[in-house]
Amino acid sequence: MLEYEYREIRFPRGTSRSATRQALTEQAEYGKWELARVRLFPDGSRSVTLRRKILRQLRLM
């Protein structure tokens, strides 16, 4: 069964799409995060939820 850890990032109103894209691209490349959900609020701010797999190592005795 796959387990994920989640991270939420908030972008305030007025943040350009290109700045948002650049920040999310860096998270994906260096932190191995993938996009799970994007919410756009009436005030213009964005909430982005990222997820990545939790890799568990089996202990061999």
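I looked up the surface of the protein: the accessible area comes to about 5,600 Å², computed by the Shrake-Rupley method with a 1.4 Å probe. Carbon and sulfur atoms hold 50% of that surface.

I noted that this is a predicted model, where local features need pLDDT of at least 70, side-chain atom pairs count only at pLDDT 80 or more, and totals for chains, interfaces and linings use all residues. Residues are numbered from 1 along each chain as its sequence is written, and side-chain values use heavy atoms, with hydrogens and water left out.

Then the overall dimensions. The C-alpha atoms fill a box of roughly 55 × 20 × 10 Å along the principal axes. The radius of gyration, taken over C-alpha atoms, is 15 Å, while a compact globule of 61 residues would have one near 10 Å. The globule rule is 2.2 Å times the number of residues to the power 0.38.

How much of the protein is buried? Buried residues (under 20% relative accessible area, 1.4 Å probe, protein chains only) make up 20% of the 61.

Last, Phe11. Leaving out residues up to four places away in sequence, Phe11 touches Thr20, Ala23, Leu24, Ser45, Arg46 and Val48. Contact means heavy atoms within 4.5 Å.

Terms used: Buried means under 20% relative accessible area, exposed over 50%, partly exposed in between (1.4 Å probe, protein chains only).
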